[in-house]
Amino acid sequence: MASISLGDLGKIYPDGTRAVGQVNLEIADGEFLVLVGPSGCGKSTILRMIAGLEDITEGKLSIGERVVNDVQPKDRDIAMVFQNYALYPHMTVRENMAFGLKLRKRPKVEIAATVQKAAEILEITELLDRKPKALSGGQRQRVAMGRAIVREPSAFLMDEPLSNLDAKLRVQMRTEISQLHARLGTTTVYVTHDQTEAMTLGHRVAVLRPVSGKRPYNLQQVASPTELFNNPVNIFVAGFIGSPAMNMVYGKLSKDGDTYTVAFAGHSIAVDQASINRHPGIDDYLGVTVVVGIRPGAFEAAEVAEVSPERTITVKTETNELLGSETYVHFSLETPPVMTPDIEELLADMGSDVESLGEITRFTARVSVDAQVTDWSPLDLVIDTTKLHFFDSATSNRIGGVSPESEGRDVHEAVSAAIDDGESV
């Protein structure tokens, strides 16, 4: 096994397009790190640079103690699992798994024993004599992972390995990948656009976004799934992590004695001290327009929640989605949507017309299935104000947080120590 270090890693294509910029990331020995973000954010390019399949334009890449910028892929001691499985159709499962070992001229007895052991771990021993066309998608994915396991590499690189599977099988394979990592303990870098995969698999998760002229760096935040959800470093991370997405609205903070309140869209609610404490320096924003973030799960219908008038708003429901164990309530407030310079730039990159968004801000609340909710009817919602988020409306950064470009630079020792101690990071 080995640690992986990315120092100011960058990728610029011959036409001048920058795909990756200023990525600083320390992946500890034995860690399972997930790279997540929307299409075009550079996550697969970063993985391919680690693998040696893409040239490195800037910066330094180390695996263990060795700088590998100019080292051939076959000499990096890594194994990659691809999205499309990349199995040889004319070979049996056994031959596919043994192929890499044969290239390394391992003894036949050793190859047979290694393949058998990996097949037992993955529970595919009965498939060893079949060819890929006779396998289901999930079985092919296990074979692809088996081919990587037999090499006993220093690190596994996985590029969206579950994206071709149906929803039920993805859940099953997530569990199996997690159990496999717990058993093998091999350093793993996993790429996905699916935040559920990221949050359930990763010891830590690195959130990336596309680079632009004003923002030459991809990496936004590197943290444990819990930290990402509870303390997103900026509006991008807050909106990307969590499903449904965090609700955002402009608001103004005020303070009367020791009591804080926030006013937004004609409502005023008391803010619990727990939310204030998570935002050091928030008093500097009193009376200033800020962006207030409210997770859908921070709402509850008043009829099933503890009565709290100072934290209750009345809305008119629109459409509602009953999901069996909970209900998603959709409603709108008459206030302009959040449009920070950062979001304007993102919309421009996507080719969206800012003017078309209108003067309405749409919200989603996740309430108990016991709540009596009907379409287009008034509903009292209680807000758990221990879980509010506040962002600087000019910079999009979390109030009292860390700027994105400094994230991920100084966490290697802490993560390594936690893994060495057998902790969950």
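## Thr 114 in helix H3

Thr 114 counts as buried, because its relative accessibility is 17% and the cut-off for burial is under 20%. This residue is found in helix H3, which covers residues 108–122. Apart from neighbours within four places in sequence, Thr 114 is in contact with Leu 101 and Val 150.

## Confidence of the model

The structure is a predicted model. Mean pLDDT for the protein is 90, and 91% of the residues reach 70 or more. Over residues 407–420, pLDDT stays under 50. For that stretch the model has 30 contacts beyond four places in sequence.

## Helices H4 and H5

Helix H4 is formed by residues 137–149 and helix H5 by residues 167–184. The two pack with their axes 11 Å apart, at an angle of about 20°. H4 is therefore roughly parallel to H5, since angles under 35 degrees count as roughly parallel. The crossing in which H4 passes H5 is right-handed.

On the H4 side, the contact is made by Gly 137, Gly 138, Gln 141, Arg 142, Met 145 and Ile 149. H5 contributes Leu 169, Gln 172, Met 173, Glu 176, Ile 177, Leu 180 and Leu 184. Sorted by class, the residues of this contact between H4 and H5 are seven nonpolar, four polar and two charged.

## Helices H2 and H4

H4 also packs with helix H2, residues 93–103. The axes of H2 and H4 come within 7 Å and cross at roughly 30°. That angle makes H2 roughly parallel to H4, because it falls under the limit of 35 degrees. This crossing of H2 and H4 is right-handed.

From H2, the residues Val 93, Asn 96 and Met 97 meet Val 143, Gly 146 and Arg 147 of H4. The contact of H2 with H4 divides into three nonpolar, two polar and one charged residues.

## Ala 51 in helix H1

Ala 51 lies in helix H1, which runs over residues 43–51. With a relative accessibility of 2%, Ala 51 counts as buried, because the value is under 20%.

What does Ala 51 touch, not counting residues up to four places away in sequence? The residues are Pro 73, Arg 76, Ile 78, Met 80 and Leu 157. Val 71 is 20 residues from Ala 51 along the chain, and the C-alpha atoms of these two residues are separated by 9.8 Å.

Note on methods: Residues numbered from 1 in each chain as written. Predicted model: local features only at pLDDT ≥ 70, side-chain atom pairs only at ≥ 80, totals over all residues. Heavy atoms only, no water. pLDDT = per-residue confidence, 0-100. Contact = heavy atoms within 4.5 Å. Axes fitted to C-alpha atoms, helices over the stretch in contact; angles between N-to-C directions. Helix = DSSP H or I, 4+ residues; strand = E, 2+ residues; numbered from the N terminus. Parallel < 35°, antiparallel > 145°, perpendicular 65-115°, else oblique. Left-handed = near helix turned anticlockwise from the far one by under 90°. Nonpolar A, V, L, I, M, F, W, Y, C, P; charged D, E, K, R; others polar. Buried < 20%, exposed > 50% of the residue type's maximum accessible area, 1.4 Å probe, protein only.
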